[in-house]
Structures are given as structure tokens and as C-alpha cells.
Amino acid sequence: MFSNLYEGNLKEEKLFSAIIPLLKLISLTLIGVLLAHPIAKLVPRATFKLLSKLVFGLFLPCMIFTNLGQSITLKNFTLWWFIPSNVMFSISIGSLLGYLVALICQPPPQYFRFTIIMTSLGNMENLPLAIITSICNTKNHPFGEDCEKNGVAYASFAQWVAVSVVYTFVYHMMEPPLEYYEVVEEDQEDYDMNENELSIPLFHDAEWPGVEDKEIDYSKTPFVARVFNSLLFDSLRSMPDLGTLREGQENYDRVDDHYGKPMRCLPEPRMIRKFRIVAEQTPIKHILSPPIIASFLAITIGMIPGLKGFVFGDDAALSFLTDSFQFMANAMMPFAMLVLGGMLAEGPEESRLGIRTTIGIIVTRLVLLPLVGVGVLMLADNLGVLVDDDQMYRFVILLHYVTPSAILLGAIASLRGYVVQEASAILFWQHVIAVVSVSVYIFVYFKFLITSFA
């Protein structure tokens, strides 16, 4: 009798260990909803935009720097190789599933690529860090004493890969389709006529504050399609909105001559020239955002023992500075959840995507892809490519498949002037439903996977 009671208590303890962290995050998010709700209007919308900038530019970089810098070493750098690799696996598998969703659900043709992208890329920025922080501040978690330090380090180690994919592959995939550009342009003009700067959905400004100021040449045009659909490069100048390309090339030639660089003896191959022009119109510089800069600094300092001892540790000369960063890092999770609540308070945008496609994206992203992630995790463990006896390492890998679509996709949609309302609607419903789905998969991990890995 007592043994049965004890086993029952253990089961309940596991259940609560899995659910309580999510309840904390839900509580903070609901507070954000209450503060931002149009009926209550306790906190102005502009305040949430400022909070978002603080999270993005200060709290998140401080959290990444202090935790990743303490955990990373040259040895760990070689042991953690599967984390960035898994990011690419998850995006590739998600893209394949998204392609199947687009084929089966048959969204309007101008949203075919958008359907693939919204299925492929999960939230690998604020949300995993918030989940890890909440779990590590809960009693009886299974991740040991260095739970938060290791968890944040693993999650941060994956971010630079995801962000690089967003500002290269995803950026170009999200350009307005050439064959439907007139339709997209008309929809965007109608949206701009009815919206001012402050009413841009918070989803599009949350993890890339000031996105409206980051617009570059041709960002709202089907640039890549126009370049590669031309039979001859010289014909680009006759296309709408691309007349300055030839002028730009002449400027490059003048610059080369100005700096004394030798002129090309042979003409540049047409295809190489097109790739170069596309590369020049890729916003690679935005990869170096504050969180990514913090990651690179932490990795560099952490892998040099002498420099690491100078910055990190109780006896370090700069311990006062890292302690200050830690104080600000502690504010990341609550403020990120409040901002998320502010986003959800706005409600879903009106979408032209269609109910069938919307449901297909949500089910695939939040139900099917996590199941695939569990399979990848178990296969990787059987192949021996994971760090031995490190449950947090495995949990972070699982989070790459479990989280809803990246909020950063909303920022890219806003930058490209394409599917702005559709992205906001998908992100809203996914984050609402993720409250249940993420809880289920965390419980599955705690209940079954930890036991199987032990």
C-alpha cells in the first residue's frame, strides 16, 4: 500500500515538474494580455515596443553572454557540434513537411512558399530560453545544478545558425512571387492605407525591433525572380524597379578603378554576375544582431582559458561586470513573456490563407514535427552522437522541433511587404495552441524519454 502510494507520488511529482514551468510562463503571458488588452488599456502599445527593444538589445544578450561564456570551452565546442547541425535538420525536415502541406492543402498560389516557410522554421530565440529558465527555477527538475547555465548555453549555441538561415535563405524565399506580384502589391497598398507605424502588429517587431527602418533596395520586390528569369543580364535594366542595377555596376567599376584594382580581362560569366548581384542585395549585416554578437563574444572569450579567467568566475577581475550582466539577464524571461502577452492581446489578423492551410500548418508544426523530433533524438542517441548523460543537451535538441514558428518570420514578412497579415494570424494561433502542445511534449520528455535515456 505504502509503496503504491509512494509510486503515485513520484508520478504526480513528474507531472507537476513538467507542467508547472509552463504554468509560470502562461501566468506571465496572461498578465501581458491583461496589461495590453484594448479594453483595459493599462499599458500603452508603445510601451510594449520599447520593452521588446530592451529584451532584444539588452536582456537577451546579457543572458547569452553570461551563460554561454561560462559554459563554453574548446572541448565543449567540439562536443556540441550536433546542436547547430540539428537546427539544419529541423529546418530541412520542416521544409519537406511544409511542402507536403502546401501540396495537400492547396493554399492560394501566391502563398505556396509562405506555407513552406511557416512550417519549417521554429522559434529558437526567446521562447526556448524562457522555457529553460522557467524549468530550471522549478523544484525537482531532472537537469542538475547547472541547469540554467547549460540550458541557456546550448540554446544560444544554436541561435546563430537559425538567424543566418533567416537572413539568407528565408529572406529570399519570402520575397513576393513574381507571377503574382501585382496582386501582392495591391494587397499591401490596401494594408498600408489603413495602418500607421504604431499599428504594425507587435509580432512583426518583437524579435527584430525597428524592422521598418531596416528596409533595403528591392526588399519589397520579387528581386531574385526577376534577376534569374532574365535571358540576358543587360535586359535587367528594362525591367520595372531594376533600372539602377546597371548604374550600380558602373559605380562598382569606378570604385575598382579608384582603388587601383585590376580590371577584369575577361567578361564576368552571366550566372556568376547574377549570383553576385543577389548576394549584394542580401541583408547579411543584420545577422550581427545584439544576441548574435553576444554569442560570438562569449564563444571567443570562453575558448581562451586566460581570457575566460579574467572575465568569468568569482575571482575574475571583471566579475563585477559579469554580475551586472547577470542582474539584467534575470529580467529577460518575465519581460519576454509580457511582450508575448502584448502580442496575443491584439488578436489574430485577418488572413487570406484559408482555414484548411492554416490548420495544416499548425498541426504539422505543433504535432507532427515534434513527433519527428522525438524520432531524431532517439536515433541520434542510439548512434552515440549526443553528449553522454546530459539530459539538458537532449531537451534543447527536442525544443528545436516543439516550438511554434519563429516570430522573426513576422519581421521578415513586414520587411518584404508580403503576407504581413497572414504571418501575424499564423503566429497568433500557433502561440495560443502551443500552450497545450509544448506542455504535452515536455511531459512526454519527462515521463518517457528521460527514463529511456537513463
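1. Pocket criterion. On a 1 Å grid over the protein atoms alone, a pocket is an open set of points where a 1.4 Å probe fits, with protein on both sides within 12 Å along at least five of seven lines; lining residues have an atom within 4 Å of a point. Grid points are joined across faces, edges and corners, and a volume is the space filled by probe spheres set on the points.

2. Basis. This is a predicted model, where local features need pLDDT of at least 70, side-chain atom pairs count only at pLDDT 80 or more, and totals for chains, interfaces and linings use all residues. Residues are numbered from 1 along each chain as its sequence is written, and side-chain values use heavy atoms, with hydrogens and water left out.

3. Largest pocket. Its volume is about 300 Å³. It has 19 lining residues, and Ile 26, Thr 29, Leu 340, His 431 and Val 435 are the closest to its centre. Helix 1 (2-36), helix 6 (126-136), helix 15 (332-345) and helix 19 (420-453) each give two or more residues to the lining. Helices here are DSSP runs (H or I, at least four residues), numbered from the N terminus; strands are E runs of at least two. The lining counts 17 nonpolar residues, 2 polar and no charged. Nonpolar covers Ala, Val, Leu, Ile, Met, Phe, Trp, Tyr, Cys and Pro; charged covers Asp, Glu, Lys and Arg; the others, Gly among them, are polar.

4. Overall fold. The protein chain has 19 helices and 0 strands. Of its 454 residues, 52% are buried (under 20% relative accessible area; exposed is over 50%, partly exposed in between; 1.4 Å probe, protein chains only). Among contacts (heavy atoms within 4.5 Å) between residues at least 6 apart in sequence, 84% join residues at least 24 apart.

5. Ser 134. This residue sits in helix 6. Its relative accessibility is 1%, so Ser 134 counts as buried. Beyond neighbours within four places in sequence, Ser 134 contacts Pro 21, Lys 24, Leu 25 and Met 333.

6. Helix 17. Residues 391-402 form this 12-residue helix, which reaches 16 Å from first C-alpha to last, close to the 16 Å expected (1.5 Å times one less than the number of residues). Because 12 of the 12 residues are buried, helix 17 is largely enclosed by the rest of the structure.

7. Positive phi. Gln 106, not a glycine, has a positive phi of about 50 degrees. Gln 106 lies in the loop between helix 4 (82-105) and helix 5 (112-120), and is exposed at 58% relative accessibility. Val 419 also has a positive phi, near 50 degrees. Val 419 is in the loop between helix 18 (408-416) and helix 19, and is buried at 6%.
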